[in-house]
Amino acid sequence: MRSMIYADNAATTKMSETAVNTMISVIRENYGNASSLYSIGQQAKEILEEARRSVAETIGAEPSEILFTSGGSEADNQAILSAAELGRKNGKKHIVSTAFEHHAVLHTLEKLRREGFEITLLDVHENGIVRPEEAEKAIREDTCLVTVMYANNEIGTIQPVREIGEICRKRGVLFHTDAVQAVGHIPVNVKEDRIDLLSASAHKFHGPKGVGFLYARKGVRLTNLIEGGAQENGKRAGTENVPGIAAMAAALKEAAARMEQNRASLSEKRDRLIRGLKQIPHSALNGDAEHRLPGNVNFCFEGIEGESLLLLLDDKGIEASSGSACTSGSLDPSHVLLAIGRVHDVAHGSLRLSIGEETTNEEIDYIIRSVSEVTEYLRSFSPIWRDLESGKKPHIL
Ligand SMILES: *Cc1c(COP(=O)(O)O)cnc(C)c1O
C-alpha cells in the first residue's frame, strides 16, 4: 500500500511520540487511583496535579482554574450549562452566540432554548468573522452568556476573541469560548483575552482522544454534569483518566514550545496550497485568507459533489474532509458554509484540507495536482456543470 497524505488534522491529530510514551509509562508505572492514600495513589495524584499546573501555564491560568473533562464536547456542555444555571438564578435567560459554532455548543443552546432561554446568533459575514460591535449590540440586560468560538473547525477563521472578551467584561456578562481548534496552535491567554470559560481537547493538538479540559475563571461557579465522588474539586465525578491527562499535558507542552516555528512554516505551506487551488476555475476559498488557522484550507468548487471528490482523493492517497467530521454522513450541506452565505449547490462542493507540521511542499503540490484532476474529471460528466457551462444557469463562483 502506498503511503497516505493525512490532511484532516481538524478532525483529529496523530498522537505525538512524547504523548504516546507518557501515556504508556503512566499506564504501566502509575496505575494507582489518584484518590488513594498509599504511595502509588499519591504518585498518580502528583502526576495529575503536575499536568494541571502545566496545562494552566500554557494558557495563562491558575492550576485551580483547570477542570479535566472527557474532551471538548463535555467542556462545552459544562461551560454553557453552568452559565445558564447562574443566569436562571438571576432571572437572566438570554444567550449570545454564532450560527457557525460546533454542534457541542449549538445543540446545548438548542436544549436551553426548549427550556425557555432566548438565543441570539450573531452574523459571521462572508469572511467568517464575527464583528465585536455586533456582539456588543446583541448584549441585553438579561444576557447571561456570550459564547463565540476561538477559531472555526471547518473554515479555520480566527475570531476577535479579545475584543469580545473586553466587551463582555465591561458589561458584566460571562464569556465562553470553544478554543478546541486554537489551543496548541495559536497563542491563547485567558487573562489577556478576558475569557471566563474556555474549552479545549487533547486530540486536536496531538494528544489522546477522550480527554480535554475546561478553564473556569476563579469565582465562576460550575454546575456538575456528572454526580458522584469528589474528584476535580467536586465538579466532575469519576476516577481521573491519569494516563490521558498526563499525555495531554505532555502534548500541549510540546505544541506550545514549537508553536511559533510551526505556525510560520505551516502558514507558508497553507498559502502555497491556497494559491494552487485558486487556479482551478470557478473555485473559491471559504473564510478570511488572513485571519485563519495556520493549517486550514477550505474551498468550494462549483459543479462538484463533495462526497465524490473525497472518495476520488482517497483513491489518490489523500485523506481530507468536506467539512466537519461530525456531520459527514448527513446529506445537508455544512451549517458553517451556509452561515457564511454559500448557497446549497456551492456548499455541497466543499473540501477541507487541514495540513500538519509533517506535510511537505511536495505533498502540497501533489494535492494541488490531484484536486485539479479530480475536479476536471467530475465536471466532465456533471449535469450541473453542463448547465453552468452552457449558460443555462449562471456561475456563482
Ligand atoms: C473537535 C471539536 C470539538 C469536540 O471535541 P471532542 O474532544 O471531540 O469532544 C468541539 N469544538 C470544536 C471547535 C472542535 O473542533
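Start by selecting helix α3 (residues 72–89) and helix α4 (residues 103–114), which pack at an angle of about 30° with their axes 9 Å apart. The model is predicted: local features need pLDDT of at least 70, side-chain atom pairs count only at pLDDT 80 or more, and totals for chains, interfaces and linings use all residues. Residues are numbered from 1 along each chain as its sequence is written, and side-chain values use heavy atoms, with hydrogens and water left out.

Helices (H or I, at least four residues) and strands (E, at least two) are DSSP runs, numbered from the N terminus. Axes are lines fitted to C-alpha atoms, for helices over the stretch in contact, and angles run from 0 to 180 degrees between N-to-C directions.

**The α3 and α4 pair**

With that angle, α3 and α4 are roughly parallel to each other (angles under 35 degrees count as such). To see the contact (heavy atoms within 4.5 Å), select S73, D76, N77, I80, L81, A84 and R88 of α3 together with A104, V105, T108, L109, K111 and L112 of α4. These residues divide into seven nonpolar, three polar and three charged. Ala, Val, Leu, Ile, Met, Phe, Trp, Tyr, Cys and Pro count as nonpolar, Asp, Glu, Lys and Arg as charged, and the others, Gly among them, as polar.

**Along α3**

At 1.5 Å a residue, its 18 residues should span 26 Å, and its end C-alpha atoms are 26 Å apart, which agrees. The expected span is 1.5 Å times one less than the number of residues. Of the 18 residues of α3, 13 are buried, so the helix is largely enclosed by the rest of the structure. Buried means under 20% relative accessible area (1.4 Å probe, protein chains only). After α3 comes G91, whose phi is positive, near 70°.

Next select S321, in the loop between β11 (318–319) and α9 (335–339). S321 is buried, with a relative accessible area of 7%. Leaving aside neighbours within four places in sequence, S321 is in contact with D8, L310, L351 and R352.

Move to S370 in helix α11 (residues 361–380). S370 is buried too, at a relative accessible area of 2%. Not counting residues up to four places away in sequence, S370 touches L313, K316 and I318.

Finish at T359, in the loop between β12 (350–354) and α11. T359 has a relative accessible area of 1% and is buried. Beyond its neighbours within four places in sequence, T359 is in contact with K269 and I364. For a distance across the model, pick the C-alpha atoms of T359 and L37: these residues lie 322 residues apart along the chain, and the atoms are separated by 46 Å.

Conventions. Angles under 35 degrees count as roughly parallel, over 145 as roughly antiparallel, 65 to 115 as roughly perpendicular and the rest as oblique. Buried means under 20% relative accessible area, exposed over 50%, partly exposed in between (1.4 Å probe, protein chains only).
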